[in-house]
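Take a look at the model below.

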Amino acid sequence: MELAPSILSADFAILKEQIREVEETGVRMIHLDVMDGHFVPNMTFGAVLVKSIRRYTDLIFDVHLMIDHPDRYIEDFVKAGADIITVHIECESDIDECIDMIHSYGIKAGIAVNPDTDIMLAEKYLGKTDMVLVMSVHPGFGGQTYVSDVESKIKYLRELSGVDFDIEIDGGISAENIAHVSDIGVDIVVTGSAVFNGDITGSVKALYEAAGEKL
């Protein structure tokens, strides 16, 4: 299982230092939540910030585009240093075209599914995507409560045969429930508040130990 701390919950005044501390724990990736204020009722940051932090870390950049028209910005985030770009199947762009565009740059492509979206709508993309991100909160804000109803989606995805992709979960994950989501078949766990709560090193260690894995 991989842990992908979301910098949405980080202190942007000392972002460089906090990302460096995350890297020193042994974590291999960070999650970057990009929001446009339209697809979700909040705004975060764009490719400029991604490019600025790319200069001082080798962590895998897992870029999650919560925007209406991701096809317009994929190239910008690739050039900024993204290693994985995920788009929502609920967005207004053509998903097949987005996946093909991301792959054309030689990086991984993911699709995200909101809590209220039928997982069957994502099935036709599973043969070409590298990752499925199951949202376990309603996107737009950090620190929300875990929506357990999405577990049926994870179990459904894990039971599929003949296709190879990672399953990522995002929202409401803490030391109290991380073992459970790991047990049901999640490969990558995104968590923000549970990492960037003051003691980053201790929090990462506690999450891995709670999941039955030690750094």
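**Salt bridges and cores**

Arg28 and Glu2 form a salt bridge, with their closest N and O atoms 2.4 Å apart. Here a salt bridge is a side-chain nitrogen of Lys or Arg within 4 Å of a carboxyl oxygen of Asp or Glu. Arg28 sits in the loop between α1 (15–24) and β2 (29–35) and Glu2 in strand β1, so the pair ties together parts that are 26 residues apart in sequence. Helices (H or I, at least four residues) and strands (E, at least two) are DSSP runs, numbered from the N terminus.

This is a predicted model: local features need pLDDT of at least 70, side-chain atom pairs count only at pLDDT 80 or more, and totals for chains, interfaces and linings use all residues. Residues are numbered from 1 along each chain as its sequence is written, and side-chain values use heavy atoms, leaving out hydrogens and water.

Glu2 is buried, at 19% relative accessible area. Arg28 is partly exposed, at 47%. Buried means under 20% relative accessible area, exposed over 50%, partly exposed in between (1.4 Å probe, protein chains only).

By this rule there are 6 salt bridges. Another joins Arg54 and Asp83, at 3.1 Å between the closest N and O atoms. Lys128 and Asp100 also pair, at 2.9 Å from N to O. Asp96, Asp100 and Lys128 are linked in a network of salt bridges.

The largest nonpolar core has 68 residues, and Ile7 and Ile85 have the most contacts inside it. Such a core is a set of buried Ala, Val, Leu, Ile, Met, Phe, Trp, Tyr and Cys residues joined through side-chain atoms within 4.5 Å.
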